[in-house]
Amino acid sequence: MKFRYFLWIPFFAIGALCVARESNIERDPLVPGEPYTEVMPVSEYEFKMAPIPGGTVEIPDPDNPGSTKTVDVSPFWICETETTWQMFDPFVDLEERAFMLDLPIDPDGITGPTPPYVPPDQGWGKEDFAALTMSFHSAEMYCRWLSKETGRKYRLPTEAEWIYACTAGGKSVIKPEDLDRYAWFAANSESQTHPVKSKEPNAWGLYDMLGNAAEFCIGSDGTPVLRGGWYALGADEVSASARVPQSTENLNKWLEKDPQIPKSKWWLAGPTYHSFRVVCEGDSEIKTAASE
Ligand SMILES: [Ca+2]
C-alpha cells in the first residue's frame, strides 16, 4: 500500500458514511423571496442562499457581438459566497473514498473528480477560501451532486442571473474608485485569493462577486464563461461586465500545464483563479450548458 493511502485511513469511517448513508438532515420547503441556510451532508457545514427577485437585465448578445440585449430573469436564490473548499471537498473526496472502501461510486450517474495533479488550493489555505482550479464540467457535476445530496435544484448561474445579481438588478454598479471596499484585485490581493466575506457585500448582500476568484457561468450563447474578474487583474478588468469565455484558445491555455494524457476533465492545472458559486431555482429543472 502506498504511503499516501495511509493518510486516508482516518477518513474511512467518514467515507463510509459519505458514500453509503442516506442524508437525515431535515430541510424545510423553500419560501419564495426568503433567504435560507443550506447544510452540507455529513459535515453539516452551512452556507447562506440569498433570494433574488425577478426582473430584466442587459446581457451580451451572442448574435450581435459587441452589443447587448434585454432578457427576463425569474426569481432564484444565489449563494452569498463563492464555493468554498468546505463546500467542495466532500465532492472531491467521494471517488477516492469509494475506491478505498470498495464501494459503488456512481449509483446515480454522478461521479466525483479524479485526484488533482497539483494541490488545487495553491498552498494559500482552505478554510473559507474559494475552491479553485476546477473545470466547468467539474463545477456542473458538483451542482448535480449537491442537488442529489440535498434534494434541492442547484446549478451554475446563467450569465444573465450573475450580472443581475452582481448589479442588484442593474441598480447598483460598483465604481472602480470604490473597488477596494468590495473586491480583492491586483491593487490589494498580493497575488492570491483571500477568505470569502472578508470584503463588503454588494447591495443584495453578496460577497466577492467582483474579484477574488473568477466565477463560471452558463454564457448567453450556452457555453462556459468566467464573470467578474479575479485577484490578479487591475480595476479596469474587475467589474460586472468583466467576461472571459471558455474559447478553444483559452481552454488550451488553462490546460497547458497538465502533463497527463488525456488531460484531466476535472481540474485545470495551469490557472489559479477558476471557481463558481451556486444558484438554486426551487422546483424548476436543472439547467446545464448542454441543455441550454
Ligand atoms: Ca468572485
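**Close-up views of a predicted model**

**View 1. Strand β5 and its partners.** Strand β2 (residues 46-52) runs antiparallel to β5, and 4 bridges join the two. Strands here are DSSP runs (E, at least two residues), numbered from the N terminus, as are helices (H or I, at least four residues); two strands pair if DSSP finds at least two bridges between them. Opposite Cys 79 in β5 stands Met 49. β5 also pairs with strand β11 (residues 279-280), in the antiparallel sense and over 2 bridges. There, Val 279 of β11 is the bridge partner of Ile 78.

Before moving on, a word on reading these views: residues are numbered from 1 along each chain as its sequence is written. This is a predicted model, in which local features need pLDDT of at least 70 and side-chain atom pairs count only at pLDDT 80 or more, while totals for chains, interfaces and linings use all residues.

**View 2. The two faces of β5.** In a regular strand, side chains alternate between the two faces of the sheet. Strand β5 (residues 76-79) is covered on both: Phe 76 and Ile 78 are buried on one side, Trp 77 and Cys 79 on the other. A residue counts as buried if 20 or more other C-beta atoms, placed from the backbone, lie within 10 Å of its own.

**View 3. Helix α5, wrapped by the rest of the structure.** Helix α5 (residues 159-166) is largely enclosed by the rest of the structure, because 8 of its 8 residues are buried. Among them are Trp 162, Ile 163 and Tyr 164. After α5 comes Ala 168, whose phi is positive, near 50°.

**View 4. An open sheet of 4 strands.** Follow the order β9-β8-β7-β10 to walk across this open sheet, where the pairing is mixed. At the edges are β9 (243-245) and β10 (274-275), each pairing on one side only. β9 and strand β8 (residues 224-227) pair in the antiparallel sense over 3 bridges, and Val 225 stands opposite Pro 245 in β9.

**View 5. The two ends of the chain.** The protein chain averages a pLDDT (the predictor's confidence in each residue, from 0 to 100) of 84, and 81% of the residues score at least 70. Residues 1-22 have pLDDT below 50, and this stretch has 23 contacts in the model beyond near neighbours in sequence. A contact means that the C-beta atoms of two residues, placed from the backbone, lie within 7 Å. Over residues 283-292 pLDDT stays under 50 as well, with 16 contacts beyond four places in sequence. Where pLDDT is low, the predicted coordinates should not be read in detail.

Definitions and conventions
Buried ≥ 20, exposed ≤ 12 C-beta atoms within 10 Å, placed from the backbone.
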